[in-house]
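I opened a new model today and kept notes as I went.

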Amino acid sequence: MPRASKLLPSLGHASSGAAGTVISTLLTYPLDLVNTRLKVQRQLRLDDSISEEECYQSIFDAFVKIYDKEGGLQAFFAGLGADVVKSAADSFLFFLFYTWFRARRLVGRHPDLPYLRVIEELAVGAAAGACAKLFTTPVSNVVTHRQTASLLEHSKSPSSSPIRKPQQKGFWEVLREIQAEKGGVLGLWAGYSASLVLTLNPSLTFFLQAILKRLLVDRKNWDDPGSGITFLLAAMSKVGATAVTYPFQIGKARLQVGHKSSKGEGEKEKRGGIFTTVARIRREEGVKALYDGIGGELLKGFFNHGTTMLTKDVVHGVIIKLYWVVAGLLVQWPGLRRQLVERMRKRNEKGGWQLVGRGVLADLVRGGRIGVSMMQS
(Lines give C-alpha, C1' and ligand atoms only; values in the text may rest on other atoms or scores of the structure.)
Protein backbone atom coordinates (compact mmCIF):
# COMPACT_ATOMS: atom_id res chain seq x y z
CA MET A 1 0.00 0.00 0.00
CA PRO A 2 1.48 3.41 -0.92
CA ARG A 3 2.59 5.79 1.75
CA ALA A 4 0.21 8.74 2.09
CA SER A 5 2.38 10.95 4.33
CA LYS A 6 4.83 10.92 7.21
CA LEU A 7 2.39 12.42 9.69
CA LEU A 8 -0.66 10.24 9.10
CA PRO A 9 1.12 6.87 9.46
CA SER A 10 2.71 8.16 12.68
CA LEU A 11 -0.69 9.16 14.06
CA GLY A 12 -2.14 5.84 12.95
CA HIS A 13 0.56 3.82 14.71
CA ALA A 14 0.29 6.05 17.80
CA SER A 15 -3.50 5.68 18.06
CA SER A 16 -3.48 1.95 17.47
CA GLY A 17 -0.57 1.49 19.88
CA ALA A 18 -2.42 3.42 22.58
CA ALA A 19 -5.55 1.32 22.05
CA GLY A 20 -3.55 -1.89 22.32
CA THR A 21 -1.82 -0.67 25.47
CA VAL A 22 -5.11 0.20 27.17
CA ILE A 23 -6.48 -3.29 26.53
CA SER A 24 -3.30 -5.05 27.70
CA THR A 25 -3.11 -2.79 30.80
CA LEU A 26 -6.65 -3.70 31.79
CA LEU A 27 -5.91 -7.40 31.37
CA THR A 28 -2.61 -7.49 33.28
CA TYR A 29 -3.06 -4.73 35.88
CA PRO A 30 -3.45 -7.02 38.96
CA LEU A 31 -0.13 -8.66 38.08
CA ASP A 32 1.44 -5.22 37.61
CA LEU A 33 0.29 -4.15 41.08
CA VAL A 34 1.75 -7.29 42.65
CA ASN A 35 5.02 -6.78 40.75
CA THR A 36 5.34 -3.20 42.01
CA ARG A 37 4.97 -4.34 45.62
CA LEU A 38 7.48 -7.14 45.16
CA LYS A 39 9.98 -4.60 43.80
CA VAL A 40 9.77 -2.30 46.84
CA GLN A 41 8.87 -4.59 49.75
CA ARG A 42 12.48 -5.38 50.62
CA GLN A 43 13.22 -1.66 51.03
CA LEU A 44 10.03 -1.10 53.04
CA ARG A 45 10.99 -3.98 55.33
CA LEU A 46 14.50 -2.60 55.93
CA ASP A 47 12.91 0.77 56.56
CA ASP A 48 10.54 -0.81 59.14
CA SER A 49 7.58 0.51 57.16
CA ILE A 50 6.15 -3.02 57.04
CA SER A 51 6.67 -6.11 59.19
CA GLU A 52 8.20 -9.42 58.19
CA GLU A 53 4.75 -11.07 58.27
CA GLU A 54 3.43 -8.57 55.73
CA CYS A 55 6.12 -9.38 53.16
CA TYR A 56 5.16 -11.60 50.24
CA GLN A 57 7.02 -14.85 49.72
CA SER A 58 5.98 -15.30 46.09
CA ILE A 59 3.59 -14.02 43.44
CA PHE A 60 0.93 -16.49 44.56
CA ASP A 61 1.39 -15.52 48.21
CA ALA A 62 0.99 -11.84 47.26
CA PHE A 63 -2.30 -12.52 45.45
CA VAL A 64 -3.64 -14.49 48.42
CA LYS A 65 -2.66 -11.90 51.04
CA ILE A 66 -3.95 -8.94 49.06
CA TYR A 67 -7.27 -10.70 48.42
CA ASP A 68 -7.69 -11.78 52.05
CA LYS A 69 -6.53 -8.59 53.78
CA GLU A 70 -7.45 -5.75 51.47
CA GLY A 71 -11.06 -6.33 50.55
CA GLY A 72 -11.18 -8.86 47.74
CA LEU A 73 -10.88 -8.34 43.99
CA GLN A 74 -11.16 -4.56 44.03
CA ALA A 75 -7.85 -4.33 45.90
CA PHE A 76 -6.04 -5.51 42.76
CA PHE A 77 -7.21 -2.45 40.82
CA ALA A 78 -5.92 0.32 43.08
CA GLY A 79 -4.71 3.16 40.84
CA LEU A 80 -6.08 1.54 37.66
CA GLY A 81 -7.60 4.73 36.25
CA ALA A 82 -4.38 6.72 36.48
CA ASP A 83 -2.37 3.81 35.07
CA VAL A 84 -4.68 3.45 32.06
CA VAL A 85 -4.32 7.17 31.30
CA LYS A 86 -0.55 7.02 31.80
CA SER A 87 -0.15 3.87 29.70
CA ALA A 88 -2.30 5.22 26.86
CA ALA A 89 -0.44 8.55 26.80
CA ASP A 90 2.92 6.82 27.12
CA SER A 91 2.17 4.42 24.29
CA PHE A 92 0.62 7.08 22.03
CA LEU A 93 3.60 9.41 22.44
CA PHE A 94 6.15 6.59 22.11
CA PHE A 95 4.68 5.18 18.89
CA LEU A 96 4.21 8.70 17.52
CA PHE A 97 7.84 9.68 18.11
CA TYR A 98 9.18 6.21 17.24
CA THR A 99 7.38 5.96 13.90
CA TRP A 100 8.24 9.54 12.96
CA PHE A 101 11.93 9.29 13.96
CA ARG A 102 12.29 5.90 12.27
CA ALA A 103 10.61 7.02 9.02
CA ARG A 104 12.86 10.06 8.79
CA ARG A 105 15.95 7.93 9.39
CA LEU A 106 14.91 5.35 6.78
CA VAL A 107 14.32 8.02 4.16
CA GLY A 108 17.58 9.72 5.05
CA ARG A 109 19.78 6.61 4.79
CA HIS A 110 18.31 3.73 2.84
CA PRO A 111 14.65 4.15 1.81
CA ASP A 112 14.54 0.79 0.01
CA LEU A 113 15.27 -1.23 3.19
CA PRO A 114 12.53 -1.87 5.81
CA TYR A 115 14.96 -1.93 8.74
CA LEU A 116 17.75 0.13 10.33
CA ARG A 117 21.14 -0.84 11.64
CA VAL A 118 21.42 -2.02 15.25
CA ILE A 119 22.68 1.25 16.70
CA GLU A 120 20.06 3.21 14.76
CA GLU A 121 17.19 1.05 16.01
CA LEU A 122 18.36 1.46 19.62
CA ALA A 123 18.85 5.21 19.23
CA VAL A 124 15.41 5.75 17.69
CA GLY A 125 13.70 3.73 20.43
CA ALA A 126 15.63 5.52 23.19
CA ALA A 127 14.85 8.96 21.79
CA ALA A 128 11.15 8.13 21.43
CA GLY A 129 10.99 6.72 24.96
CA ALA A 130 12.75 9.75 26.47
CA CYS A 131 10.31 12.14 24.79
CA ALA A 132 7.28 10.14 25.94
CA LYS A 133 8.46 9.72 29.56
CA LEU A 134 9.03 13.47 29.90
CA PHE A 135 5.24 13.90 29.76
CA THR A 136 4.12 10.83 31.72
CA THR A 137 6.57 10.49 34.65
CA PRO A 138 4.37 12.49 37.11
CA VAL A 139 1.43 10.18 36.41
CA SER A 140 3.70 7.15 36.78
CA ASN A 141 4.68 8.41 40.26
CA VAL A 142 1.01 8.68 41.23
CA VAL A 143 0.36 5.10 40.04
CA THR A 144 3.29 3.71 42.06
CA HIS A 145 2.18 5.53 45.23
CA ARG A 146 -1.39 4.29 44.87
CA GLN A 147 -0.27 0.72 44.23
CA THR A 148 1.80 0.64 47.43
CA ALA A 149 -0.38 2.87 49.65
CA SER A 150 -2.60 0.06 50.92
CA LEU A 151 0.44 -2.05 51.87
CA LEU A 152 1.83 0.82 53.96
CA GLU A 153 -1.54 1.63 55.56
CA HIS A 154 -1.93 -1.97 56.66
CA SER A 155 1.27 -1.77 58.73
CA LYS A 156 -0.25 1.14 60.67
CA SER A 157 -3.66 -0.45 61.24
CA PRO A 158 -4.44 -2.36 64.45
CA SER A 159 -4.07 -6.11 64.36
CA SER A 160 -7.69 -6.51 65.50
CA SER A 161 -8.89 -5.42 62.06
CA PRO A 162 -6.91 -7.54 59.61
CA ILE A 163 -9.39 -7.17 56.76
CA ARG A 164 -10.04 -3.74 55.30
CA LYS A 165 -11.10 -2.15 52.06
CA PRO A 166 -8.54 0.23 50.61
CA GLN A 167 -9.39 3.93 50.78
CA GLN A 168 -7.91 5.38 47.63
CA LYS A 169 -6.88 9.04 47.54
CA GLY A 170 -7.67 11.15 44.53
CA PHE A 171 -5.19 11.77 41.73
CA TRP A 172 -4.55 15.42 42.58
CA GLU A 173 -4.30 14.67 46.29
CA VAL A 174 -1.55 12.11 45.65
CA LEU A 175 0.15 14.51 43.26
CA ARG A 176 0.26 17.20 45.96
CA GLU A 177 1.61 14.69 48.49
CA ILE A 178 4.41 13.67 46.12
CA GLN A 179 5.27 17.31 45.51
CA ALA A 180 5.45 17.94 49.28
CA GLU A 181 7.54 14.79 49.92
CA LYS A 182 10.00 15.49 47.12
CA GLY A 183 10.39 19.18 47.91
CA GLY A 184 8.83 20.95 44.92
CA VAL A 185 7.41 20.63 41.43
CA LEU A 186 10.53 18.94 40.07
CA GLY A 187 9.88 16.15 42.58
CA LEU A 188 6.98 15.06 40.38
CA TRP A 189 9.64 13.84 37.95
CA ALA A 190 11.33 11.61 40.53
CA GLY A 191 12.53 8.52 38.72
CA TYR A 192 12.84 10.27 35.34
CA SER A 193 16.57 9.51 35.29
CA ALA A 194 15.62 5.86 35.68
CA SER A 195 13.09 6.26 32.89
CA LEU A 196 15.84 7.55 30.61
CA VAL A 197 17.89 4.43 31.32
CA LEU A 198 14.79 2.30 30.88
CA THR A 199 14.24 3.71 27.39
CA LEU A 200 16.62 0.88 26.58
CA ASN A 201 13.75 -1.49 27.35
CA PRO A 202 11.46 -0.48 24.45
CA SER A 203 14.56 0.06 22.30
CA LEU A 204 15.78 -3.47 22.98
CA THR A 205 12.23 -4.80 22.63
CA PHE A 206 11.75 -3.41 19.13
CA PHE A 207 15.31 -4.25 18.17
CA LEU A 208 14.87 -7.89 19.26
CA GLN A 209 11.47 -7.97 17.59
CA ALA A 210 13.02 -6.75 14.33
CA ILE A 211 15.79 -9.35 14.60
CA LEU A 212 13.34 -12.19 15.27
CA LYS A 213 11.13 -10.97 12.44
CA ARG A 214 14.04 -10.99 10.00
CA LEU A 215 15.04 -14.49 11.14
CA LEU A 216 11.61 -16.12 11.31
CA VAL A 217 9.36 -14.29 8.83
CA ASP A 218 9.70 -14.11 5.04
CA ARG A 219 10.20 -10.57 3.84
CA LYS A 220 7.08 -10.76 1.67
CA ASN A 221 5.02 -11.38 4.84
CA TRP A 222 6.55 -8.57 6.93
CA ASP A 223 3.46 -6.37 6.71
CA ASP A 224 1.15 -9.17 7.84
CA PRO A 225 2.97 -12.11 9.47
CA GLY A 226 -0.23 -13.37 11.13
CA SER A 227 -1.72 -12.84 14.57
CA GLY A 228 0.02 -15.81 16.22
CA ILE A 229 3.48 -14.87 14.94
CA THR A 230 2.90 -11.20 15.84
CA PHE A 231 2.01 -12.13 19.43
CA LEU A 232 4.96 -14.50 19.88
CA LEU A 233 7.53 -12.14 18.36
CA ALA A 234 6.37 -9.25 20.54
CA ALA A 235 6.12 -11.35 23.71
CA MET A 236 9.53 -13.01 23.29
CA SER A 237 11.28 -9.72 22.53
CA LYS A 238 9.73 -8.08 25.61
CA VAL A 239 10.86 -10.92 27.87
CA GLY A 240 14.43 -10.58 26.60
CA ALA A 241 14.50 -6.80 27.06
CA THR A 242 12.96 -6.99 30.53
CA ALA A 243 15.52 -9.54 31.71
CA VAL A 244 18.35 -7.16 30.72
CA THR A 245 16.90 -3.95 32.22
CA TYR A 246 15.12 -5.31 35.31
CA PRO A 247 17.62 -4.00 37.94
CA PHE A 248 16.85 -0.48 36.74
CA GLN A 249 13.12 -1.15 37.15
CA ILE A 250 13.84 -2.04 40.77
CA GLY A 251 15.76 1.21 41.17
CA LYS A 252 13.03 3.27 39.53
CA ALA A 253 10.30 1.81 41.77
CA ARG A 254 12.33 2.60 44.88
CA LEU A 255 13.07 6.13 43.74
CA GLN A 256 9.37 6.73 43.16
CA VAL A 257 8.34 5.34 46.55
CA GLY A 258 11.07 7.46 48.12
CA HIS A 259 11.51 5.80 51.52
CA LYS A 260 14.79 5.93 53.38
CA SER A 261 17.19 3.05 53.13
CA SER A 262 18.25 0.94 56.07
CA LYS A 263 21.12 3.32 56.74
CA GLY A 264 19.01 6.47 56.58
CA GLU A 265 20.27 7.56 53.15
CA GLY A 266 16.90 8.48 51.68
CA GLU A 267 17.69 12.06 50.67
CA LYS A 268 21.17 11.16 49.44
CA GLU A 269 19.67 8.35 47.38
CA LYS A 270 17.24 10.71 45.70
CA ARG A 271 20.05 13.04 44.68
CA GLY A 272 22.25 10.21 43.51
CA GLY A 273 19.89 8.98 40.81
CA ILE A 274 19.32 5.58 39.30
CA PHE A 275 22.92 4.34 39.06
CA THR A 276 23.63 5.25 42.69
CA THR A 277 20.43 3.50 43.75
CA VAL A 278 21.22 0.29 41.85
CA ALA A 279 24.80 0.28 43.16
CA ARG A 280 23.59 0.83 46.75
CA ILE A 281 21.06 -2.01 46.50
CA ARG A 282 23.73 -4.38 45.21
CA ARG A 283 26.17 -3.29 47.93
CA GLU A 284 23.78 -3.37 50.89
CA GLU A 285 21.31 -6.09 49.90
CA GLY A 286 23.08 -8.24 47.35
CA VAL A 287 22.55 -9.00 43.67
CA LYS A 288 19.42 -11.03 44.44
CA ALA A 289 17.63 -7.87 45.57
CA LEU A 290 17.99 -6.44 42.06
CA TYR A 291 15.81 -9.26 40.73
CA ASP A 292 13.00 -9.30 43.32
CA GLY A 293 9.78 -10.23 41.53
CA ILE A 294 11.38 -10.75 38.12
CA GLY A 295 9.28 -13.85 37.47
CA GLY A 296 6.06 -11.88 37.66
CA GLU A 297 7.51 -9.08 35.55
CA LEU A 298 8.56 -11.50 32.80
CA LEU A 299 5.11 -13.09 32.87
CA LYS A 300 3.43 -9.69 32.69
CA GLY A 301 5.75 -8.53 29.91
CA PHE A 302 5.05 -11.66 27.85
CA PHE A 303 1.26 -11.23 27.86
CA ASN A 304 1.19 -7.42 28.08
CA HIS A 305 3.40 -6.60 25.12
CA GLY A 306 2.16 -9.53 23.06
CA THR A 307 -1.44 -8.39 23.53
CA THR A 308 -0.47 -4.76 22.87
CA MET A 309 1.18 -5.47 19.53
CA LEU A 310 -1.52 -7.93 18.43
CA THR A 311 -4.28 -5.42 19.22
CA LYS A 312 -2.25 -2.60 17.69
CA ASP A 313 -2.05 -4.43 14.35
CA VAL A 314 -5.81 -5.02 14.33
CA VAL A 315 -6.69 -1.42 15.22
CA HIS A 316 -4.10 -0.05 12.81
CA GLY A 317 -5.69 -2.06 10.00
CA VAL A 318 -9.05 -0.46 10.79
CA ILE A 319 -7.49 3.02 10.83
CA ILE A 320 -5.85 2.43 7.43
CA LYS A 321 -9.20 1.34 5.95
CA LEU A 322 -10.89 4.45 7.37
CA TYR A 323 -8.12 6.56 5.88
CA TRP A 324 -8.77 5.23 2.37
CA VAL A 325 -12.51 5.74 2.78
CA VAL A 326 -12.08 9.38 3.83
CA ALA A 327 -9.49 9.96 1.09
CA GLY A 328 -11.83 8.56 -1.51
CA LEU A 329 -14.69 10.78 -0.33
CA LEU A 330 -12.52 13.89 -0.62
CA VAL A 331 -11.74 13.02 -4.25
CA GLN A 332 -15.28 12.12 -5.24
CA TRP A 333 -16.89 15.05 -3.36
CA PRO A 334 -15.01 18.24 -4.31
CA GLY A 335 -17.52 20.33 -2.35
CA LEU A 336 -16.50 18.67 0.92
CA ARG A 337 -12.85 19.35 0.13
CA ARG A 338 -13.61 23.06 -0.50
CA GLN A 339 -15.40 23.30 2.85
CA LEU A 340 -12.41 21.81 4.67
CA VAL A 341 -10.03 24.23 2.93
CA GLU A 342 -12.23 27.16 3.95
CA ARG A 343 -12.33 26.00 7.57
CA MET A 344 -8.55 25.65 7.62
CA ARG A 345 -8.22 29.18 6.27
CA LYS A 346 -10.43 30.55 9.07
CA ARG A 347 -8.64 28.58 11.77
CA ASN A 348 -5.30 29.81 10.48
CA GLU A 349 -6.39 33.36 11.26
CA LYS A 350 -6.71 32.32 14.93
CA GLY A 351 -4.06 29.67 15.46
CA GLY A 352 -1.64 28.89 12.66
CA TRP A 353 -2.31 25.25 11.78
CA GLN A 354 -2.83 25.92 8.08
CA LEU A 355 0.48 24.45 6.90
CA VAL A 356 -0.10 21.21 8.83
CA GLY A 357 -3.75 21.06 7.77
CA ARG A 358 -2.94 21.64 4.11
CA GLY A 359 -0.30 18.94 4.21
CA VAL A 360 -2.67 16.39 5.73
CA LEU A 361 -5.46 17.32 3.32
CA ALA A 362 -3.13 17.13 0.32
CA ASP A 363 -1.98 13.68 1.45
CA LEU A 364 -5.59 12.58 1.82
CA VAL A 365 -6.44 13.81 -1.67
CA ARG A 366 -3.40 12.07 -3.19
CA GLY A 367 -4.25 8.90 -1.27
CA GLY A 368 -7.86 9.15 -2.36
CA ARG A 369 -6.91 9.37 -6.01
CA ILE A 370 -4.76 6.28 -5.62
CA GLY A 371 -7.54 4.50 -3.71
CA VAL A 372 -10.19 5.38 -6.29
CA SER A 373 -7.96 4.23 -9.16
CA MET A 374 -7.27 0.99 -7.32
CA MET A 375 -10.98 0.36 -6.78
CA GLN A 376 -11.81 1.14 -10.42
CA SER A 377 -9.06 -1.10 -11.83
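**Entry 1: His145 and its contacts.** I began by listing what His145 touches, leaving out neighbours within four places in sequence: Val174, Ile178, Glu181, Gln256 and Val257. Contact here means heavy atoms within 4.5 Å. I then saw that His145 sits in helix α4, residues 118-156. Helices are DSSP runs (H or I, at least four residues), strands are DSSP runs too (E, at least two), and both are numbered from the N terminus.

Is His145 buried or exposed? His145 counts as buried because its relative accessibility is 14%. The cut-offs are under 20% relative accessible area for buried, over 50% for exposed, and partly exposed in between, with a 1.4 Å probe and protein chains only. I also found a polar atom of the His145 side chain 3.1 Å from the backbone oxygen of Asn141.

**Entry 2: ground rules.** I noted that this is a predicted model, where local features need pLDDT of at least 70 and side-chain atom pairs count only at pLDDT 80 or more, while totals for chains, interfaces and linings use all residues. Residues are numbered from 1 along each chain as its sequence is written, and side-chain values use heavy atoms, with hydrogens and water left out.

**Entry 3: the whole protein.** I counted 13 helices and zero strands. Of the 377 residues, 47% count as buried. I looked at contacts between residues at least 6 apart in sequence, and 79% of them join residues at least 24 apart.

**Entry 4: the cores.** I looked up the largest nonpolar core and found 22 residues, with Leu44, Tyr56 and Ile66 having the most contacts inside it. A nonpolar core is a set of buried Ala, Val, Leu, Ile, Met, Phe, Trp, Tyr and Cys residues joined through side-chain atoms within 4.5 Å. Which helices each supply at least two residues of this core? They are α1 (7-46), α2 (59-69), α3 (80-109), α4 and α8 (227-257). The largest share, six residues, comes from α1.

Next I checked Ile66: not counting residues up to four places away in sequence, Ile66 touches Leu33, Val34, Arg37, Tyr56, Gly71, Ala75 and Phe76. A second, separate core has 14 residues, including Phe95, Leu96, Phe206 and Met309.

**Entry 5: one loop.** Last, I looked for Val185 and found it in the loop between α5 (171-182) and α6 (192-198).

Methods. Polar contact = N/O pair within 3.5 Å; in protein donor to acceptor, adjacent residues only side chain to side chain.
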